[in-house]
Every structure is written in C-alpha cells, then in structure tokens.
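Visitor: I'd like a close look at one single part of this model. Could you pick a residue and walk me through its surroundings?

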Amino acid sequence: LEKQVAHVLDDKLEFNISDKELISRLKESTAYQKLFDECYKDIGGESINRRSISNAIAAYVHSLKSFDSPFDQYVRGESSELDASAIRGFNLFMGKAACATCHFPPAFNGSVPPFYTDAESEVLGMTIGLDTINPMLDQDKGRIENGIKGEAYPHFEASFKTVGIRNSALTAPYFHNGSFNTLEEVMHFYNKGGGAGMGLDVEGQTLALNPLDLSKEEMTDLIKFMESLTDTSNLLLRPDRLPEFDNKPYWNNRGAAVIDD
C-alpha cells in the first residue's frame, strides 16, 4: 500500500504533485504538523516526509475493514436472523453460480487463500453496457498494459482484477468501465456467460462461456446475498447514498461522521 501511495502522488493522471510541494502544503497546517510530530518525530528528523505520508495513508487504508455485515454476524453466531433469500443466494454463490471460483470467501474478492498474498484477475469478455442482442466488446487491454514489465503476457490481455463484492450494494456503477448501473445487469452478464457467451470473439476468456441458466428468482437471491454483505461501520458516505438509521440520514449506523459535498 505504501508503494501504491507513492505511485499516485507522481502520476500525472492522479495527484500530479511533487514531494516538495506536498510536504510544503502539509507543513502549512498546524494540525497536520502536530499529528505527524506525534507519530514520526523520532524517525529521520523531519516528521513530514514522503515516507511518513505514504505510511500514514496506508495505515488508514488498512483500517478499512468491512467484516461486520449482517451475513458476518449470522455466520459468527452473533445473530440468528438472515433473510432466507440471502441464505439461498450464498449457496448459489458457492455452488451453481460458481461465483466463489473467483471471489474467494471470506473476503469475497480475488485474494487467493490461504496466504492472500496474490490477487487474481480474469478475462470476462467485458462489454460496454448490457446489450445481449448486439453486444459491443470493451477495447480496454487491461492488466497487460499496467506498466509492470513482469506482467506483459498475452494471457493478461483484457484481464482485470477480481474485486470484492462487500458493499457492492453501495458502489454502483460496476466493472472497470462503469457501464453497468445495477446488480441486476451484472447478474444477467454473468448468467449469459460473459462476452463469449453472448457470441463475441474473446480470446482467452477465463470466465466460463456457458450460460449459468439461473432463474430470475435465483439472480434475485444472489443479489440479496450481496446486499447482506453491506457494512458501513468504517465508511464515510455521501448523504444521497446513505440509508437512514434512526431518522439520522447524515450519520451511519455506527456513528461515523459523513462527508457532505
């Protein structure tokens, strides 16, 4: 994570800022100077530097854990209630729908157990929107063009990171191109067998191209399961995306403050 932070600072399409300028801006704030002094004053002289900035941001990202959803509470035995549709959806996720062959529990992302040091990516035959009659293949080359020399292999062409489904009910639009607006559209895409299942020529598609033959009810159950993985305890949400809890729409159900833009 620290390396990722350093990368986005330099990238012209992201922060596009020099170390010197960033450090100068942070030092202008007495509040930031005090916080950095408390954490880093005994490390290398100046408490605000490139390394301490990267470490601080990485430490925050490490704190973003979302393992207290209704589903988590149910499987830990802390709650005896979980929507029957969500339970059916979990069984479909692990079985017939084959979702767990890429989205590994308990994180339900591409982090490979048991050590979680590697993350998978898949070739889905990603389309631009959901048009099953006249599908159009997305031309993004994906992982093969990520700039990492050791990953410039043919099997990574049009391959994308397997992301987590936790809090997916809050994170529309979906896929790397953002052209799927609802989880229903996502379900239909997978049910069709991705791009190749829709008849497109997708070389090296790793997603099984055979239709899953999921019924409308089964797709609804899968979505109910994904919704049961919603945990807002460590999130700062925009008010227009925040469900009401105890008639307090500007606070989440764990009492975390909300960003109002």
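Predicted model: local features only at pLDDT ≥ 70, side-chain atom pairs only at ≥ 80, totals over all residues.

Guide: One term before we start: a polar contact here is a pair of N or O atoms within 3.5 Å, where within protein one must be able to donate a hydrogen and the other to accept it. Confidence across the protein averages a pLDDT of 88, with 90% of residues at 70 or more.

Thr127 sits in the loop that links strand S1 (121–123) to strand S2 (159–161). Its relative accessible area is 1%, so Thr127 counts as buried, the cut-off being under 20%. What does its side chain do in there? A polar atom of the Thr127 side chain lies 2.8 Å from the backbone oxygen of Gly129.

Now for the neighbours. Leaving aside residues up to four places away in sequence, Thr127 touches a run of residues including Pro135, Met136, Leu137 and Asp138. Further along the chain, Asn177, Ser179, Phe180, Phe189, Gly195, Met198 and Leu200 are also among its contacts.

Follow Phe189 and you land in helix H7 (residues 183–192), where Phe189 is buried along with Leu183, Val186, Met187 and Asn191.

One stretch to treat with care: residues 242–261 have pLDDT under 50 throughout. The model still gives that stretch 38 contacts beyond four places in sequence.

Notes
Residues numbered from 1 in each chain as written. Heavy atoms only, no water. Helix = DSSP H or I, 4+ residues; strand = E, 2+ residues; numbered from the N terminus. Buried < 20%, exposed > 50% of the residue type's maximum accessible area, 1.4 Å probe, protein only. Contact = heavy atoms within 4.5 Å. pLDDT = per-residue confidence, 0-100.
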